[in-house]
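Hello,

I am handing over a structure for you to look at, and my notes follow below it. Take your time and open it alongside this email.

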Amino acid sequence: MPYQLDGKSIVITGGARGIGAEIAKGLGAEGARLVVADLTADSTKAVVEEIRAAGGTAIGVGADVRDRAQVQAMIQAAVKEYGRLDAIFNNAGIAQVQPFLKITEDDWHNVMDVNGLGVLIGMQEAIKVFLAQGGGGKVINTASIAGKQGYDPLAHYCASKWAVVALTQAAARAFGKDKINVNAICPGVVGTEMWKVIDRGFQAHGLSEGEDTSFHDMAAQAVLGRPSTATDLVGVAKFLASPDSDFMTGQSLLVDGGMVFV
Ligand SMILES: NC(=O)c1ccc[n+]([C@@H]2O[C@H](COP(=O)([O-])OP(=O)(O)OC[C@H]3O[C@@H](n4cnc5c(N)ncnc54)[C@H](O)[C@@H]3O)[C@@H](O)[C@H]2O)c1
């Protein structure tokens, strides 16, 4: 087990599909014991079954990351099932395309509530459990290239992902003394349902023509020459959950095929 994840109790939000599902399956294959969480427990069934069919350990939980009581119950499910919590991936997120001058207060709150507040609540509730266990633990947040670079017409989405980077840095400073590592992953252009939503948004606002045009145009900026798949994020996810990253904290790692250099 090269990543030393065998038996680790790990919660991942937004685990029913896309990036979260691939990370959950990757961690499961390394022997981690998983709580795969998403808006409904039902939606996690296929991923949970796939992990179990491959010999792994997983349960599915329904939790809206905006709701503290549901997030607490999600984390307690891991503690009850596996005896402790070792890591949390705050990965759930939503995107919306809206030209800058048309972003409404509702648009702002919808995106910030899931991507910003949802990550804050997940971090807080996991860290409380880590502290009660005596310290140690891994927080891994999903930010984005949009947390390093502003993109029109995704300004409120970008703001939410800069918030994730800021929360990552602030918590790393706050809990370093408790040996809690807090890091983030910044994906680029990944072929998931989220990009279908973004692509439809570009088309609806007359910003691109034809299905997947905006996806391919944006992905063409990657110097490695192709769009990302969710699988591209699994290696760094395993690393950040493993003891190999014990001396690393407060970092937001770009895994984008070379789109943003900072
Ligand atoms: N796809 C990309 O190109 C890309 C790039 C950079 C960052 N990201 C980020 O990666 C993460 C995963 O995105 P994805 O591409 O897999 O998208 P996705 O839409 O395929 O999956 C997102 C998951 O989050 C869940 N979710 C949404 N709102 C939720 C809520 N309130 N509570 C709980 N779960 C909720 C959805 O049900 C879904 O299963 C997101 O944070 C996203 O912003 C994606």
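**The largest pocket**

In the lining of the largest pocket there are 25 nonpolar, eleven polar and six charged residues. Here Ala, Val, Leu, Ile, Met, Phe, Trp, Tyr, Cys and Pro count as nonpolar, Asp, Glu, Lys and Arg as charged, and the others, Gly among them, as polar. This is a predicted model, in which local features need pLDDT of at least 70, side-chain atom pairs count only at pLDDT 80 or more, and totals for chains, interfaces and linings use all residues. Residues are numbered from 1 along each chain as its sequence is written, and side-chain values use heavy atoms, with hydrogens and water left out.

A pocket is found on a 1 Å grid over the protein atoms alone: it is an open set of points where a 1.4 Å probe fits, with protein on both sides within 12 Å along at least five of seven lines, and lining residues have an atom within 4 Å of a point. The largest pocket is lined by 42 residues, and Asn91, Ala92, Gly93, Ile94 and Met194 lie nearest its centre. H1, strand E2 (33-38), H5 and H6 each give two or more residues to this lining, with the largest share, five residues, coming from H6. Helices (H or I, at least four residues) and strands (E, at least two) are DSSP runs, numbered from the N terminus.

**The ligand**

What takes up the space of the largest pocket? The ligand does; a molecule sits in a pocket if more than half of its atoms lie within 2 Å of the pocket's grid points. Around the ligand are 28 residues, the closest being Asp38, Asn91, Tyr157, Val190 and Thr192 (a residue is near if one of its heavy atoms lies within 4 Å). By class, this shell has 14 nonpolar, eight polar and six charged residues. Helix H1 (18-29), helix H5 (155-175) and helix H6 (193-204) each supply at least two shell residues, and H6 gives the largest share, three residues.

Look next at the oxygen atoms of the ligand. One lies 2.8 Å from a backbone N or O atom of Asn91, a polar backbone atom of Gly188 is 3.3 Å from a ligand oxygen, and a polar side-chain atom of Trp195 lies 3.2 Å from a ligand oxygen. A polar contact is a pair of N or O atoms within 3.5 Å. The protein covers 95% of the 830 Å² of accessible area that the ligand has on its own (Shrake-Rupley method, 1.4 Å probe).

**Two backbone details**

Most residues other than glycine have a negative phi, and most peptide bonds are trans. Gln4 is not a glycine, yet has a positive phi of about 55°; Gln4 is in the segment before strand E1 (9-12). Asp152 and Pro153 are joined by a cis peptide bond, with omega about 5°, and Pro153 is in the loop between strand E5 (137-142) and H5.

Enjoy exploring!

How values were computed. A polar contact is a pair of N or O atoms within 3.5 Å; within protein, one must be able to donate a hydrogen and the other to accept it, and residues adjacent in sequence count only if both atoms are side-chain atoms.
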